[in-house]
Amino acid sequence: MTETNEPLSVVSPDVVDQLRSAVDGQREQLIKELSALVEIPSVAWDDLDPQPVIDSAEAVAELFRSAGLEDVRVLSAARPDGAQGRPAIIARREAADGMPTVLMYAHHDVQPTGDVELWNTDPWKATEVNGRLYARGTADDKAGIMVHVGALRAIDQVAAATGLGLTYFIEGEEEVGSPSFANFLQENRDALAAEVIIVADSSNWKVGQPALTTSLRGLTAGEFEVRVLEHAVHSGVFGGPVLDAPTIAARLVATLHDENGDVAVEGLAVASTAEIDYDEADFRADANVVEGLRLAGTGSIADRLWRKPAISLIGMDITNVSLSSNTIIPMVRGKVSVRLAPGQDPALAAKAMEEHFANQDIFGAEISYKTTEVGPSFATDTSSPAAQAKMWALKQAWNVKPVEMGLGGSIPFIGDLQAVFPDAEILVTGIEDPDTRAHSANESLHIEDFFKATLSEALLLTHLATEAANS
């Protein structure tokens, strides 16, 4: 986390107050519209009914039409395997001559609920509790959509960003790795071209403390398989000489870290040291760490989160306890997610993971590994005009000095945006906070910060339009 100096703005205090009033006047409407969106279970998993994602896309398109945009289209593109991707929305207003265009991104697909018994409220019905709105997608990322809609209404009400080109791109399969994203960009390149890109899919430092995400770790992921038998056999008759596949897999997974918990895969890089630390007590509270657990790795918490690689076992196919029998399990499949230090080439990192698994000999078991995903890291030039304007807008909206923060997560499609639009300034913002629990049970949105995020986007757009008109 790095505190920033407040930049100057060309926007008058009167216009700031008018935009604040325009956002405040939408409070009830925005919550009602967000609540309606989250009632649509738009999970883009291939093995689930695609209709809710289609319904969600149509609902988002109607929101932008009702906000005054006439050029609104629901589109899709092919994935690399030839299957058609989930529907996305492009909504546009052309720039006046000499004015820039801003592209604003969010996604309308969401994670599955997981075990509904872990939820304190209905995961598909927005429920307000103590200033937070609970349901799947309230924060990740349907609130990002509503920030865009609310800011659009505000600038139009005040006539604060006249002439600025506005393009909204709301994706429909971010939670499954954006498989059709690259094709979608190429097919709609002209419609999505912009000088500034705002990605509303990140987090703030904490409730009441806004932030601009200035770095993201890269990503690679892969699936491994361990086989010890051609088929299952009786554990009493054959147990002893043959270790079961889960036991071998446990030993295999253990090779990924050293005794301190640092990643032990040769070839995975470490970036430069973070400028400021993340207090360990705050991290434990934010992550809901169980009492007594020793944190893994060495160095500062910020370095371990933002500047070093991290490997997590995120899935394993193994016999369910309720279905277990006295049988030696012959084969196990697992999946690992690898977060990469900023600047690491994800292709080289994927190769390093492949070589690590290939070099393991654990009782001669058959071990294979296949890379399933790669994505680049990201860094922002915080001295750029758009980044400085965003810092000003955050300060005005929260009345608190914003911070620059790294994020341990990855947004692989940003690499696609950079490749197609290399001259665009990309800003990564968001409405989550450490209590949001995105991807987990009891996901929630801090309502007041949501309204402040909406105001900050309206202020940013106004700043960019005013600065361009005066240049």
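This is a predicted model: local features need pLDDT of at least 70, side-chain atom pairs count only at pLDDT 80 or more; totals for chains, interfaces and linings use all residues.
Which residue in β3 is the bridge partner of Asp71? The partner is Arg92.

**Pairing around β3**

- Strand β3 spans residues 88-93, and five of its six residues are buried, so the strand counts as mostly covered.
- Strand β2, residues 71-75, pairs with β3 in the antiparallel sense, over five bridges.
- The pairing of Asp71 with Arg92 in β3 is one of the residue-level bridges.
- Strand β7, residues 165-171, also pairs with β3 over five bridges in the antiparallel sense.
- Ile90 has Phe169 in β7 as its bridge partner.

**The open four-stranded sheet**

- Four strands form an open sheet with antiparallel pairing, in the order β12-β14-β10-β15.
- At the edges are β12 (310-317) and β15 (366-375), each of which pairs on one side only.
- On average, neighbouring strands of this sheet are turned by 20 degrees against each other, direction ignored.
- Strand β10, residues 218-227, is joined to β15 by nine bridges in the antiparallel sense.
- Gly222 stands opposite Thr371 in β15.

**Helices on the sheet**

- Helix α8, residues 245-254, packs on the sheet and touches β10, β12, β14 (331-340) and β15.
- The direction of α8 makes about 145 degrees with that of β10.
- Helix α11, residues 346-358, lies across β10, β12, β14 and β15.
- Relative to β15, helix α11 runs at about 170 degrees.

Definitions and conventions
Residues are numbered from 1 along each chain as its sequence is written. Side-chain values use heavy atoms; hydrogens and water are left out. Buried means under 20% relative accessible area, exposed over 50%, partly exposed in between (1.4 Å probe, protein chains only). Helices (H or I, at least four residues) and strands (E, at least two) are DSSP runs, numbered from the N terminus. Two strands pair if DSSP finds at least two bridges between them. Axes are lines fitted to C-alpha atoms, for helices over the stretch in contact, and angles run from 0 to 180 degrees between N-to-C directions. Contact means heavy atoms within 4.5 Å.
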